[in-house]
Amino acid sequence: MSEHLIRTPDGVHVAVRDSGGDGPAALLLHGRGRDSQDWHQVAPLLLNAGLRVVTMDLRGHGGSDPAPWGWDEALADVESVVNHLGLTRPAVIGHSLGGMVATLWARSHADCPLAVNLDGHQDPKGPHDYAGLDPDEALAAHAAVTAFFAELDAEEEPDPALEQYLGTFEGFDLVEVYRAARCPLLVVCAEHDEDEEDDELSPEVVEAFAAHRRGLVRDLAAVSAQNPLVSFTTFPTTHEIHLEAPEDLAKLLLGRIGTTA
């Protein structure tokens, strides 16, 4: 295993770990607030199956330099890693925020054998993002979720870095990115929310989050019908798919990489 600090076009140094080897390459991207160690259960399974496994700390995370978040910058960081290591058509697999980056990669890299988004979704933007509810119920669900997030924000100290990060979602529509995928893109959705067993949450909020997850599956079904490069599946886990079901996830990934590489 070799470690690198790779300088990106805007001068940010990105921390990378590379297993080396001649097998098909898989680049793993972690979620917000995490680092590449988040893949400690999945990476060995992929490595033992013969893949060249590369993990990187996204900008502002782990051993990488602090830097403002931006979608174009994150893609440029990934491009820098791929070019520096000489990776040939790597599969790009991300969890949460990393999954959104992998989805953007699928839009701009038609030669990518596989991009995977593990439960990387936007927060609901309006009543249309909920499924299985009538219009009044959807309005109420969105009001409950909006109030829930507002309460969380009120409990936190002001954080300019967080505000800058959240600002990058203004005008960002991940469903439209799915529709524009130019390489095989797999979206894996968790079936459960982490907080659904929390007794402190109101039943209205729990049901609203469940309706949002149903809405995600509905939207992905529609996208996959329009763009045959996009497919999706669900896992009976919470958001932490790669930590709760690493063996099943690795089996799924290896099957897809084996048929597309």
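Q: Let's start with Arg 214. How accessible is its side of things, in relative area?
A: Arg 214 is partly exposed, with a relative accessible area of 34%. Buried means under 20% relative accessible area, exposed means over 50%, and partly exposed is in between (1.4 Å probe, protein chains only).

Q: What does the side chain of Arg 214 meet?
A: The side chain of Glu 207, in a salt bridge (3.0 Å, N to O). A salt bridge is a side-chain nitrogen of Lys or Arg within 4 Å of a carboxyl oxygen of Asp or Glu. Glu 207 is partly exposed too, at 35%.

Q: Where do these numbers come from?
A: This is a predicted model, where local features need pLDDT of at least 70 and side-chain atom pairs count only at pLDDT 80 or more, while totals for chains, interfaces and linings use all residues. Residues are numbered from 1 along each chain as its sequence is written, and side-chain values use heavy atoms, with hydrogens and water left out.

Q: How many salt bridges does the structure hold?
A: It holds 12. One of them joins the side chains of Arg 17 and Asp 57 (3.8 Å, N to O). Arg 17 lies in strand β2 and Asp 57 in the loop between β4 and α2 (71-85), so the pair ties together parts that are 40 residues apart in sequence. Helices (H or I, at least four residues) and strands (E, at least two) are DSSP runs, numbered from the N terminus.

Q: Which residues are linked in a network with Arg 17?
A: Glu 3 and Asp 57 are linked with Arg 17 in a network of salt bridges.

Q: And what about Arg 59?
A: Its side chain meets that of Asp 77 in a salt bridge (2.7 Å, N to O). The pair links distant parts of the chain, with Arg 59 in the loop between β4 and α2 and Asp 77 in helix α2, 18 residues apart. Both Arg 59 and Asp 77 are buried.

Q: Switching to strands. How do β1 and β2 pair?
A: Strand β1 (residues 2-7) and strand β2 (residues 13-18) are antiparallel, with six bridges. Two strands pair if DSSP finds at least two bridges between them. His 4 has Val 16 of β2 as its bridge partner.

Q: What sits between those two strands?
A: Five residues separate the strands of this hairpin, and Gly 11 there takes a positive phi near 85 degrees.

Q: Which strand does β2 join through three bridges?
A: Strand β4 (residues 52-56), and the two run antiparallel. Here Val 16 has Met 56 as its bridge partner.

Q: Now helix α4. What is its span?
A: Helix α4 (residues 135-155) has 21 residues and should span 30 Å at 1.5 Å a residue; its end C-alpha atoms are 31 Å apart, which agrees. The expected span is 1.5 Å times one less than the number of residues.

Q: Which residues of α4 are buried?
A: Ala 138, Ala 141, His 142, Ala 144, Val 145 and Phe 148. They cover an arc of only 160 degrees around the axis, which puts them on the same side of α4. The arc is that of the directions from the helix axis to the C-beta atoms.
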